[in-house]
Amino acid sequence: MTRTAVPLPAAQDVTLAQAMLDALPGRVCLVDAQGVIRQTNRPWRDHAAAGWGVDGDHVFASSSVHGLPPAVRAVIEGRQPAASANLHAMPGQLLVRATRFRHGTLDGTLLTLDDVSAAERGDEALARFRHAMETTSDAIYLVDRATLSFIDFNEAACRMRRCTRAELMAMGPMGALEISRPALEAVYDGVIAEGDAVAPVEWAGTVNGRRVYVEIRRRALHTADGWVIVTISRDVSARKRAEKGVRRAARQQGLIAGFGHLALSQTDLETLLERAATVAAEGLNIEYAEVSQRAPTGDGLLLVACAGFDEAHIGHPMAGDGRDTQSARVLRTNAAVTVRRHAEELPGACALLDRHGVQSGLGVPIPGPKGPRGVLGVYSPREWRFNDEQVNFLQSVANTLATAIDRVEAEGRLQQLSQFDTLTGLPNRTLVLDRLSQALAHALRHDWRVDVMILNLDRFKIVNDTLGHAMGDDLLAQAAQRLKGCVRASDTVGRLGGDEFAIVLPKPDDAATVAKRVMAAMAQPFHLGGQDVYVSASIGIGVYPEDGPDAHTLLKNADTAMNQAKQRGRNTFLFYLPQMNDQAVQRLRLEAQLRNALERGEFLLHYQPKVNVATGEISGFEALLRWLHPERGMVPPLEFISILEDTGLIVPVGEWVLRTVCRQLAAWKAQGLVPRPVAINLSARQFQERGLDEVVRAIVAEEGGDPALLEFELTESMLMADADAATRTLAALKAYGVRLSVDDFGTGYSSLSYLKRFPLDALKIDRSFMRDVTTDSNDASIALAIIRLAHSLRLDVVAEGVETADQLQFLRSHDCDQMQGFFFSRPLPVADCTRALREGRRLAGQPG
């Protein structure tokens, strides 16, 4: 056959045709009028080995084809526009389609090869799928990709959509999914392109006013009639609601946990109340929340904190005057109360709620020691159906708030005990020192003087011994009131202890005039038990800055002057003079001798037993430092301990004490005795040394000691001097296994916050509280409060200074853990301690 030359098409037309071929699915090529393959797409080229050829080959001459069907050849030669035919001779069963194509300079025929066998398999799969559709509870839809209409769906689909078959068929995929046609076409084309790797998607919509969550899985089936999109939808609304509930519960638990942490650390009650309201509103995702507390008169409730309401409403009555409000019902029943329709159930009961259009509410009691102390409530202008989960959450917030209030109030009471004298109501030594320090700082800025007076009642001991402690206490209380009447409101009168008082004059004044006024007041008779008693006062005066740069020095020098006044006959006052302090010379002499005492082996340890109150057995010892002076004999600790502290000698001496205790514990063990834990007093200077824990570890390791048998006693002032550093040091010692206790508890800060912060094991009740614990209700209350506080924090309690059987019985009746004092034993030399351990010495009257 003679063929004419075909002009070559323009380059841009070839490029466009190639892009079109590459975009078409299946195997496609472009053939010119002579049957020459001009362009192919990748699927065609990948199957060129089947015999159709590649670019430049002649389809008419292909031996693999065995001749094209006449209809297809007619299309190529331009005798008809389109045709299709089966090619049974090819591997597999193929369907060839021929379509005329003309664009620009391009003129030819598009040949498309389809796998008929695959299409038939798709039809079979579709048939099987149709059979299974009705046996599943999932909603199944068959969608025609070409028309975007439903081919079929099962009854489960109608149930899920809550409509009839006719309604769902009319709705179509776009209506069912609430999606536009282009968007749905993009989704289905993506499914066709991804094949079997289509991941499930989630869809959320509204069905008959109900929010529905559906998990959708899709796959595409290629049938003889085209692509069918199979959609399987599973209602996961219940799962979604459960997941939402879990997230909500987790969020609520997080809010409660955060509030609980704040409740343990925050001391400002207003902050705690405001946070409780905020947590309640956020946790329930509700518009308003209120915290109300009983009015000061005890009648009704007042708004004290809120969320959502304007803070200007603080103080608004939420109950009272006989009104039946939601909060009043909570207070009356001491139980949770819900109101679904306020306007109907409680019309006009609460003006605040009416102004905000509140419709529903929930209130729970805030527990107190004697019934509800208040109400925690939430409100909404919408109608709510509060469930048990929401009630429990709100009650948890209320309970946490109640615990926080109890803690703040208890800490306030304990702070009152720690800063004020319970007998006279005057500031104690700690608060006096604090106020004096503040006055000195103010005086430094303004360059003026500050006077401090130390006053001691003359002949008080005689009154106390002859008339009894009760009359002595009455005398001290009356003296305190007289002293307050002698000074200005800006001055401070405090009780330092016993019959000793202090007066701080923070602004310039004539101290001599004030002293004369005080002496005149004290000279007036005191009416005690129906009789008049006369005492006088000896007063020492220190002046800043001449007599000392700081509070401690001023108090010390004023005390020296007061002692001189007593020695000069009492009932007088003296200003401090440097020559008064003869003790300074003695101190220097002792300091020089102390510097060599350790090397000369003049120090020794005595051990005072500690006893288990319940069993009567020795439960441990406290190591006490003694100085056996070569000339003076045994020097009282009060004379040399402070010198060791001030000079820094306490550090090497303290290491010697630790080393000696470790050796003694080893010696007891070698003698076949069961060692008891030994407590060692740490000084402030030792505690401030860097690497204290490393020193302890090294000494204990060198001596082969057991850290579990060691206990370090520290004072409150040492811990609070630098709380952060103290925390790190205590944590390191605790990690090593050493026990830690607070000595003289109740005489310092007595702060709950540090008890929670530091890793302590025990509290020691100061002997000043034990002295009159059986006769003074205030001392008894303090001791009992310390025992309960310690046990609530899982700390042991050791009472110091137990000297009578009545004191011991008080401790037993209130479950104190251990006692220490002369009633059982004075501090003993090592030999006597060893004998006590060997003989199993215990409290008299305890079972052996």
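**Entry: ground rules**

I am working with a predicted model, where local features need pLDDT of at least 70, side-chain atom pairs count only at pLDDT 80 or more, and totals for chains, interfaces and linings use all residues. I number residues from 1 along each chain as its sequence is written, and my side-chain values use heavy atoms, with hydrogens and water left out.

**Entry: aromatic rings**

I began with the rings of Phe, Tyr and Trp (its six-membered ring), which pair if their centres lie within 6.5 Å; planes under 30 degrees apart count as stacked, over 60 as edge-to-face and the rest as tilted. By this rule I get 14 aromatic pairs.

I looked up Tyr 141 and Phe 153: their centres are 6.4 Å apart and their planes stand at 55°, so I call the pair tilted. Tyr 141 belongs to strand 6 (residues 139–144) and Phe 153 to strand 7 (residues 149–153), twelve residues apart. Helices (H or I, at least four residues) and strands (E, at least two) are DSSP runs, numbered from the N terminus. Are these two buried or exposed? Both Tyr 141 and Phe 153 are buried, where buried means under 20% relative accessible area, exposed over 50% and partly exposed in between (1.4 Å probe, protein chains only).

My next pair was Phe 621 and Trp 668, with ring centres 5.4 Å apart and planes at 35°, so this pair is tilted. Phe 621 sits in strand 25 (residues 618–629) and Trp 668 in helix 21 (residues 650–670), so the pair ties together parts 47 residues apart in sequence. Phe 621 is buried at 0% relative accessibility, and Trp 668 is buried with a relative accessible area of 0%.

I also found a cluster in which ring pairs link Phe 603, Trp 627, Phe 640 and Trp 656.

**Entry: charges over rings**

A charge sits over a ring if NZ of Lys or CZ of Arg is within 6 Å of the ring centre and within 35 degrees of the ring normal. I noted Arg 826 over the face of Phe 822, 4.0 Å from the ring centre. Arg 841 lies over the face of Phe 824, at 4.6 Å from the ring centre.

**Entry: nonpolar cores**

A nonpolar core is a set of buried Ala, Val, Leu, Ile, Met, Phe, Trp, Tyr and Cys residues joined through side-chain atoms within 4.5 Å. Which residues touch the most other members of the largest core? Of its 81 residues, I listed Phe 603, Leu 644, Val 661, Phe 687, Leu 710 and Phe 712. Helix 21 gives this core its largest share, nine residues.

I then checked the contacts (heavy atoms within 4.5 Å) of Val 661: leaving out residues up to four places away in sequence, Val 661 touches Leu 605, Tyr 607, Ala 623, Val 678, Ile 680 and Leu 710.

**Entry: salt bridges**

A salt bridge is a side-chain nitrogen of Lys or Arg within 4 Å of a carboxyl oxygen of Asp or Glu. How many does the whole structure hold? My search finds 40 salt bridges.

One of them joins Lys 764 to Glu 622, with the closest N and O atoms 3.2 Å apart. Lys 764 lies in strand 30 (residues 762–765) and Glu 622 in strand 25, so the pair ties together parts 142 residues apart in sequence. Both Lys 764 and Glu 622 are buried.
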